[in-house]
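Thanks, everyone. Have the structure up on your screens, and let me walk you through it.

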Amino acid sequence: MAEHVWTVLCQSSLIEPETKVISLFQVVEKLTLRPFSGGESVEVELERAHNEGKKGIYFPVQMRLVSWWVRTDPSREESIGPRIALQSPEGERLLEQVVPLDLEKYTSQRLTLHLDKLQITQLGRYWFLVEQPKETKNKTKWVAVAKSPLDIEAAVLASEP
């Protein structure tokens with residue numbers, strides 16, 4: 001079974017063509033959301049969405065979740081399909097995606113999930129989970145191998161005199 005080495009949430013990355021060394025830029029730990037167009041606060045927009053029966057709101061982001069995986073035994077080819085999930089502060093999964101990794105040709109591989117929008121249901125701590133399938137007798141069990149927190153807060157607006 002392939003092994004997870006690390007996972008980082010960042011704004012951008014760059015891979016050097018000759019050496020294949022990756023550089024991660026602007027590691028993301030927290031997002032501070034400004035008022036939406038029209039001046040409405042994030043809290044007001046969330047309340048409006050909930051009143052309309054929606055789960056939450058979407059906002060644009062420029063982020064990448066980068067995860068590095070290696071073969072358990074470098075001499076044995078293998079493949080794996082790790083799952084990436086975004087969990088809300090309430091524990092609800094807002095995103096879930098299996099991403100196949102081919103460790104047959106290479107002894108290690110990086111998985112990169114590009115995010116251009118993010119759904120939120122409330123302010124607070126969200127978790128990006130990286131999970132690995134483990135085969136049991138009759139079914140697949142998913143085991144978390146990494147958790148990356150993302151705190152989402154509203155910008156504090158200066159009060160008018």
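Start with burial: a residue is buried under 20% relative accessible area, exposed over 50%, and partly exposed in between, with a 1.4 Å probe and protein chains only. On that scale, buried residues make up 37% of the 161 residues in the chain.

Two ground rules. This is a predicted model, so to speak: local features need pLDDT of at least 70, side-chain atom pairs count only at pLDDT 80 or more, and totals for chains, interfaces and linings use all residues. Numbering starts from 1 along each chain as its sequence is written, and side-chain values use heavy atoms, with hydrogens and water left out.

Now the overall layout. The chain has one helix and 11 strands. Helices here are DSSP runs of H or I with at least four residues, strands are runs of E with at least two, and both are numbered from the N terminus. The order from the N terminus is β-β-β-α-β-β-β-β-β-β-β-β. Along the principal axes, the C-alpha atoms fill a box of roughly 70 × 45 × 15 Å.

Contacts next. Contact means heavy atoms within 4.5 Å. Take the contacts in the chain with a separation of 6 or more: residues 24 or more positions apart account for 66% of them.

On to the rings. How many aromatic pairs does a search of the whole structure find? One. The partners are Trp 6 and Trp 68, 6.1 Å centre to centre, with 50° between the planes. That makes the pair tilted. The rule: rings of Phe, Tyr and Trp (its six-membered ring) pair if their centres lie within 6.5 Å; planes under 30 degrees apart are stacked, over 60 edge-to-face, and the rest tilted. Trp 6 sits in strand β1 (residues 3–15) and Trp 68 in strand β4 (residues 57–70), so the pair ties together parts that are 62 residues apart in sequence. Trp 6 is partly exposed, at 26% relative accessibility. Trp 68 is partly exposed too, at 28%.

Charges over rings. The test is NZ of Lys or CZ of Arg within 6 Å of the ring centre and within 35 degrees of the ring normal. Lys 117 lies over the face of Tyr 58, at 5.2 Å from the ring centre. Lys 147 lies over the face of Trp 127, at 4.3 Å from the ring centre.

Keep Tyr 58 and Lys 117 in mind. Both line the largest pocket. Here are the definitions. On a 1 Å grid over the protein atoms alone, a cavity is a set of points where a 1.4 Å probe fits but cannot get out; a pocket is an open set with protein on both sides within 12 Å along at least five of seven lines; lining residues have an atom within 4 Å of a point. Grid points are joined across faces, edges and corners, and a volume is the space filled by probe spheres set on the points.

The largest pocket holds about 160 Å³ of space. Its lining also includes Leu 86, Leu 94, Leu 95 and Asp 116. Which strand gives the most to that lining? β9, with six residues. β7 (93–98) and β9 (108–120) each supply at least two. By class, the lining has six nonpolar, two polar and two charged residues. Nonpolar covers Ala, Val, Leu, Ile, Met, Phe, Trp, Tyr, Cys and Pro; charged covers Asp, Glu, Lys and Arg; the others, Gly among them, are polar.

Stay on Asp 116, in strand β9. Buried or exposed? Asp 116 is exposed, with a relative accessible area of 58%. Leaving aside neighbours within four places in sequence, Asp 116 contacts Phe 59, Pro 60 and Val 61.

Then the cavity. Met 1, Thr 72, Asp 73, Arg 76, Glu 77 and Glu 78 line the largest cavity. That lining divides into one nonpolar, one polar and four charged.

Now a charged residue in the helix. Glu 45 is found in α1 (residues 42–51). Glu 45 is buried, at 16% relative accessible area. Beyond four places in sequence, Glu 45 touches Phe 36, Glu 40 and Ile 57.

Last, backbone angles. Most residues other than glycine have a negative phi. Lys 20 has a positive phi of about 65°, and its place is in the loop between β1 and β2 (22–27). Gln 26 has a positive phi near 55°. Gln 26 lies in strand β2 and is exposed, at 52%.
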